[in-house]
Amino acid sequence: MNPSLSVFDHIMDPKRLESLMLRDIPVIPPDSVIKTFSHLRGDQINLVLTQDGVGLSQGSFIIKAGDWARFFLDTWFDPLYRSYDFQRADTHALVYL
């Protein structure tokens, strides 16, 4: 962490986001049929996720405040959703969302 960097300037600025976005690639490498969108612009992004060698990393993400963020958090923390037996627990639950 570098407290001198602004999260908005370093990541969430729409022009910066467009330079960082991974487009039309499998969400779960190497050959998932679910792929990232190829047509989105930086100003349309509400959720930023990190990824490691095996897939999405649910431990580090940024959500832009708004209606979609409320939906996402309500779903993510819903006891019924959390009780579903996803194969790789939180990671697959995040992919499903």
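Predicted model: local features only at pLDDT ≥ 70, side-chain atom pairs only at ≥ 80, totals over all residues.
**Confidence.** Colour the protein chain by pLDDT to begin. The mean for the chain is 84, and 89% of its residues reach 70 or more. Among the elements, helix α2 (residues 14-20) has the highest mean pLDDT, 94, while helix α5 (residues 90-96) has the lowest, 68.

**Helix α3.** Next, select residues 67-76, which make up helix α3. W68 and F72 both lie here, 4 residues apart, or about one turn of the helix. The whole structure contains 4 aromatic pairs. One of them joins W68 to F72 in a stacked arrangement, with 5.3 Å from centre to centre and 20° between the planes.

W68 counts as partly exposed because its relative accessible area is 33%, whereas F72 is buried, with a value of 1%.

Continue along the helix to W76. F72 and W76 also form a stacked pair, 6.0 Å centre to centre with 10° between the planes. These two residues are likewise 4 apart in helix α3, about one turn.

**The ring cluster.** Ring pairs link F61, W68, F71, F72 and W76 into a cluster.

**The surface patch.** Finally, select W68, F71 and L97. Together they form a nonpolar patch on the surface, with about 260 Å² of accessible area. L97 is located in the segment after α5, and its relative accessibility of 32% makes L97 partly exposed.

How values were computed: Residues numbered from 1 in each chain as written. Heavy atoms only, no water. pLDDT = per-residue confidence, 0-100. Patch = residues over 30% accessible without salt bridge, like charges linked within 9 Å, V, L, I, M, F, W, Y side chains within 5 Å. Areas by Shrake-Rupley, 256 points an atom, 1.4 Å probe, with all protein chains shown as cover. Salt bridge = Lys/Arg side-chain N within 4 Å of Asp/Glu carboxyl O. Buried < 20%, exposed > 50% of the residue type's maximum accessible area, 1.4 Å probe, protein only. Phe/Tyr/Trp six-rings, centres within 6.5 Å; stacked < 30°, edge-to-face > 60°.
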